[in-house]
Amino acid sequence: MPARTGTAHVVTTTRTYKDTVYTTTLLRRSYREDGKVKNETLGNLSHLRESLIDIIRRSLQGETFVPVDQAFTVSRSAAHGHVQAVREAMNALDFASLLGTKRCRERDLVEAMVASRILAPHTKLATTRWWHTTTLAEDFGVVDATEDDLYAAMDWLLQRQDRIQKKLATRHLSAGGLVLYDLSSSYLEGKTCPLAKLGYSRDRRRNSLQVNYGLLTDPRGCPVAVSVHEGNTSDSTTLLPAVQRLREDYGVQRMVIVGDRGMVSNKAIEELRHTDGVSWICALKSGAIRALVQTGQVQLGLFDERNLFEFESPDFPGERLVACRNGELATSRAHTRASLLAATDAEAALDGIYIIRTCVPAQEMEAADCVRNYKSLASVERAFRSLKTVDLKVRPIHHRTENRVRAHIFLCMLSYYVEWHMREAWRGLMFA
């Protein structure tokens, strides 16, 4: 008997029995025999998934199916997820309007540079090459940007620094609230920048030229403003200009400045006394603490019962002093001193003791809160670590002109502003 030939196809039928609908899908073949069209069932497909049945039906209709790796040729693969995460964070902060109310080429470039510094901090030339390995250039509309375009955008940004920082102060500082301030430094490559001077190197590079920069943050450590100074500028001389800028440029008339021992000097305190609306919190240096102990104004025996007590001293009229003892700090100081010289009993007794100094009235801030607010300076220290080494790498600074150095540090501060909010949003995910 000759073999039957014909066309295979899929047939689906439904029937209802006792209010239940039954669906049957069969693979059938149509053929002619003795001039008549006949059908033959080749198999029952009812047990297969609908998606597989659809593929069989389409295949019988002439469609061709091939594996995915054979259907496409990858011409370029650009990373996207991390770019999208940063861009979403910037959108949530309305970062673009922070830079300028109207979109322009320079604003797009600054946004792209901020995102790039968070993801992969490089020099400006390396940045224009790196961001083509991701979707960043396309997402921010800077595909054709050159190194010179980035420099021009930095100049544009520096002209708007005061305006931007005023917006940040309005967002994050409140009247009578805390303002944290600290100074750090970073070394430069090259010798032509007027700001580059030899000074106290926090990078432990004594023979390297550096610049200093002061960072203002809110009580949480969120950056608000940055100022750049010559590398040999002392800490205390930068404080009063920062206070003046907050009052005159940013409109914050009442504030509590928190600074470390070297920042809030006696000279600065005398000037702050005559500035209405400005209070301060700092700490005494070790020599002043030793003098208080030797004159009996601080009785070390009180630390046997508690680790914190408040007192007054005629040496600091009109001020509150809060003495504290930290066991871990005592161990650290004792180890450091033992490695340098044989300690006397009096020196050993002072290990771990520090005294907070403030003019804030007791009815406005309790002693424990004064200590807690002074310790919040650790937030600024974390910001400096992030800016300098861990994430954004403000150093080394490769720029040669004063304005470019200022713009570079301001750009790094804005990048940290975005990163700070990303870390806050992800605190739970990062077990922070």
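A: Let us begin with a definition: contact means that heavy atoms lie within 4.5 Å, and angles run from 0 to 180 degrees between N-to-C directions. The model discussed here is predicted. In it, helix H1 (residues 50-60) lies across E1 and E2 and runs at about 140° to E1.

Q: In what order do the strands of the open sheet lie, and is their pairing parallel or antiparallel?

A: The general idea is that strands of a sheet pair through backbone hydrogen bonds, either parallel or antiparallel. Here three strands form an open sheet in the order E1-E2-E3, and the pairing is antiparallel. Strand E1 (7-17) and strand E3 (36-44) are the edge strands, each pairing on one side only. From one strand to the next, the twist averages 40°.

Q: How many bridges join E1 and E2, and how many join E2 to E3?

A: E1 and E2 pair over 11 bridges, in the antiparallel sense. Strand E2 (residues 20-33) is joined to E3 by eight bridges, and these two strands also run antiparallel. Individual partners can be followed along the strands. Thr16 has Val21 in E2 as its bridge partner. Arg29 stands opposite Glu40 in E3, and the bridge partner of Tyr31 in E3 is Lys38.

Q: What is the phi of Lys18, and where is Lys18 found?

A: In general, most residues other than glycine have a negative phi. Lys18 has a phi near 55°, a positive value in a residue other than glycine. Lys18 is found in the loop between E1 and E2, where the hairpin has two residues between the strands. Asp19 is found in the loop between E1 and E2, and it has a positive phi of about 65° although it is not a glycine. In the hairpin of E2 and E3, which has two residues between the strands, Asp34 takes a positive phi near 55°.

Q: At what angle do the axes of H5 and H8 cross, and which residues make the contact?

A: A crossing angle of 65 to 115 degrees counts as roughly perpendicular. The axes of helix H5 (residues 105-119) and helix H8 (residues 147-159) come within 9 Å and cross at roughly 100°. H5 and H8 are therefore roughly perpendicular to each other. On the H5 side, the contact is made by Arg105, Glu106, Arg107, Leu109, Val110 and Met113. On the H8 side, it is made by Asp149, Leu150, Ala153, Met154, Trp156 and Leu157. By class, the contact of H5 with H8 has eight nonpolar, no polar and four charged residues.

Q: How many aromatic pairs does the structure hold, and which residues form a pair?

A: The structure holds one aromatic pair. Phe309 and Phe311 form this pair, with 6.0 Å from centre to centre and 45° between the planes, an arrangement that is tilted. Both Phe309 and Phe311 are buried.

Note on methods: Residues numbered from 1 in each chain as written. Predicted model: local features only at pLDDT ≥ 70, side-chain atom pairs only at ≥ 80, totals over all residues. Heavy atoms only, no water. Helix = DSSP H or I, 4+ residues; strand = E, 2+ residues; numbered from the N terminus. Parallel < 35°, antiparallel > 145°, perpendicular 65-115°, else oblique. Nonpolar A, V, L, I, M, F, W, Y, C, P; charged D, E, K, R; others polar. Pairing = 2+ DSSP bridges. Phe/Tyr/Trp six-rings, centres within 6.5 Å; stacked < 30°, edge-to-face > 60°. Buried < 20%, exposed > 50% of the residue type's maximum accessible area, 1.4 Å probe, protein only.
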